[in-house]
Amino acid sequence: MATATAGTTRRDFLYIATAAVGAVGTAAAVWPLIHQMNPDASVLALASTEVDLTPIAEGQIVTVKWRGKPVFISHRTKKEIEEARATPLAQLPDPQPDQERVKEGHDQWLVVVGVCTHLGCVPLGHQGDYDGWFCPCHGSHYDTSGRIRQGPAPANLEVPTYEFVSDTSIRIG
Ligand code: FES
């Protein structure tokens, strides 16, 4: 019986993770558009993904896939940037200034790997106590810079390697 219980728990966990992916409503709406810009699945593992940022409205977060992982691209509002920068580093479990998590001159764009640093669920955008992301699996709250603020996750959402290839497009990887 203990085995059956463990199996059920495991399935529940997977179900929650899947539901979290599906619940990124805003991202799902723009997914078809972004998806067309992604490389074919056969080359996905290779590499870099170029993303046109022009369809992403201010205040919107979209999810693109990079090397099989979700990557969140947040077009931050002035308020979201200010909130991130006004936070004293001493209040952060994994202290890192917002300025180090974005590219200079492109402060409105935050690009982070959409994988919770606790046990790998996909956090939900524009949720949680810090207006950034909330991971429903075990209750981790991230801020508008993708930094962990509360809950069991030990580290900030990872910023992947990326660069601006023009003012309106980035290459991830
Ligand atoms: S996996 Fe996100 S809080 Fe545990």
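A: Three strands make up an open sheet in the order 1-10-9, with antiparallel pairing; strands are DSSP runs (E, at least two residues) numbered from the N terminus, and two of them pair if DSSP finds at least two bridges between them. Strand 1 (49-52) and strand 9 (162-166) are the edges: each has a single partner strand, so one side of each has no neighbour in the sheet. From one strand to the next the twist averages 25 degrees, where axes are lines fitted to C-alpha atoms and angles run from 0 to 180 degrees between N-to-C directions. Four bridges join strand 9 to strand 10 (residues 169-172) in the antiparallel sense, and phenylalanine 164 has isoleucine 170 of strand 10 as its bridge partner.

This is a predicted model: local features need pLDDT of at least 70, side-chain atom pairs count only at pLDDT 80 or more, and totals for chains, interfaces and linings use all residues. Residues are numbered from 1 along each chain as its sequence is written, and side-chain values use heavy atoms, with hydrogens and water left out.

As for the cysteines, the count comes to one disulfide, defined as a pair of cysteine sulfur atoms within 2.5 Å. Cysteine 121 and cysteine 137 form it, with their sulfur atoms 2.0 Å apart. The link is left-handed, at -100 degrees about the S-S bond. Both cysteine 121 and cysteine 137 are buried, meaning under 20% relative accessible area with a 1.4 Å probe and protein chains only (exposed is over 50%, partly exposed in between). Cysteine 116, at 5% relative accessibility, also counts as buried, as does cysteine 135 at 2%.
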